[in-house]
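Please read the points below alongside the sequence and the structure.

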Amino acid sequence: DKLLHFITYLIYTFSIYLSLLKEINVRNPKTKSIFIAFFVGFSLELFQGLFLNHRSFEILDLFSNCAGILTFVLVTKTIKKVIA
């Protein structure tokens, strides 16, 4: 379950980044994609905890989401160094 959160948010953050970079062409796409992914992940966990009886807020899910987002940061920094 936690591995799935990690992989999902790694891919999710990368896809947001590519969309902001290529399709929308905004400034600071990396920072904005990190913020959006974290905000969505936190909001979904909060929503589950407050409004759904069959689901609950799990801090470990949130940590797994953040680990996926941080891995995105590390991967993009590594790729940038290799290209340069």
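1. Conventions. This is a predicted model, in which local features need pLDDT of at least 70 and side-chain atom pairs count only at pLDDT 80 or more, whereas totals for chains, interfaces and linings use all residues. Residues are numbered from 1 along each chain as its sequence is written, and side-chain values use heavy atoms, with hydrogens and water left out.

2. Overall architecture. The protein contains three helices and zero strands, and its elements run α-α-α from the N terminus on. Helices (H or I, at least four residues) and strands (E, at least two) are taken as DSSP runs and numbered from the N terminus. The C-alpha trace spans about 50 × 25 × 15 Å along its principal axes. Of the 84 residues in the protein, 25% are buried. Here buried denotes under 20% relative accessible area, exposed over 50%, and partly exposed the range in between, with a 1.4 Å probe and protein chains only.

3. Crossing of H1 and H2. The axes of helix H1 (residues 2-24) and H2 come within 8 Å and cross at roughly 135°. H1 is therefore oblique to H2. The axes are lines fitted to C-alpha atoms, for helices over the stretch in contact, and the angles run from 0 to 180 degrees between N-to-C directions. On this scale, angles under 35 degrees count as roughly parallel, over 145 as roughly antiparallel, 65 to 115 as roughly perpendicular, and the rest as oblique. The crossing of H1 and H2 is right-handed, a term used if the near helix is turned clockwise from the far one by less than a right angle, with left-handed for anticlockwise.

4. Crossing of H1 and H3. The axes of H1 and H3 come within 7 Å and cross at roughly 45°. H1 is thus oblique to H3, and the crossing of H1 and H3 is right-handed. Ile11 lies in helix H1 and counts as exposed at 55% relative accessibility. Its C-alpha atom is separated by 8.0 Å from that of Gly68, 57 residues apart along the chain.

5. Salt bridges. Side chains of opposite charge can pair when their charged atoms come close. The structure holds three salt bridges, each defined as a side-chain nitrogen of Lys or Arg within 4 Å of a carboxyl oxygen of Asp or Glu. Which residues are linked in a network of salt bridges? The network joins Asp1, Lys2, Glu58 and Asp61.

6. Partners of Lys2. Lys2 is partly exposed, at 28% relative accessibility. Its side chain meets that of Asp1 in a salt bridge (2.9 Å, N to O), and Asp1 is exposed with a relative accessible area of 60%. The side chains of Lys2 and Glu58 also meet in a salt bridge (2.9 Å, N to O). This pair links distant parts of the chain, with Lys2 in helix H1 and Glu58 in the loop between H2 and H3, 56 residues apart. Glu58 is partly exposed, with a relative accessible area of 31%. The side chains of Lys2 and Asp61 meet in a salt bridge as well (2.6 Å, N to O). Because Lys2 lies in helix H1 and Asp61 in helix H3, the pair ties together parts that are 59 residues apart in sequence. Asp61 is buried, with a relative accessible area of 4%.

7. Nonpolar patch. Phe38, Phe42, Leu46, Phe47, Leu50, Phe51, Phe57, Ile59, Leu60 and Phe63 make a nonpolar surface patch of about 980 Å². Helix H2 (29-51) and helix H3 (59-83) are the elements that give two or more residues to the patch, and the largest share, six residues, comes from H2. Leu46 is found in helix H2 and is partly exposed, with a relative accessible area of 36%. Patches are made of residues with over 30% relative accessible area and no salt bridge, where like charges are joined within 9 Å and nonpolar side chains (Val, Leu, Ile, Met, Phe, Trp, Tyr) within 5 Å. Accessible areas come from the Shrake-Rupley method with a 1.4 Å probe, and for residues only the protein chains shown count as cover.

8. Loop between H1 and H2. Asn25 is found in this loop and has a positive phi of about 60° although it is not a glycine. Asn25 is exposed, with a relative accessible area of 63%. Asn28 is found in the loop between H1 and H2, and it has a positive phi of about 55° although it is not a glycine. At 52% relative accessibility, Asn28 counts as exposed.
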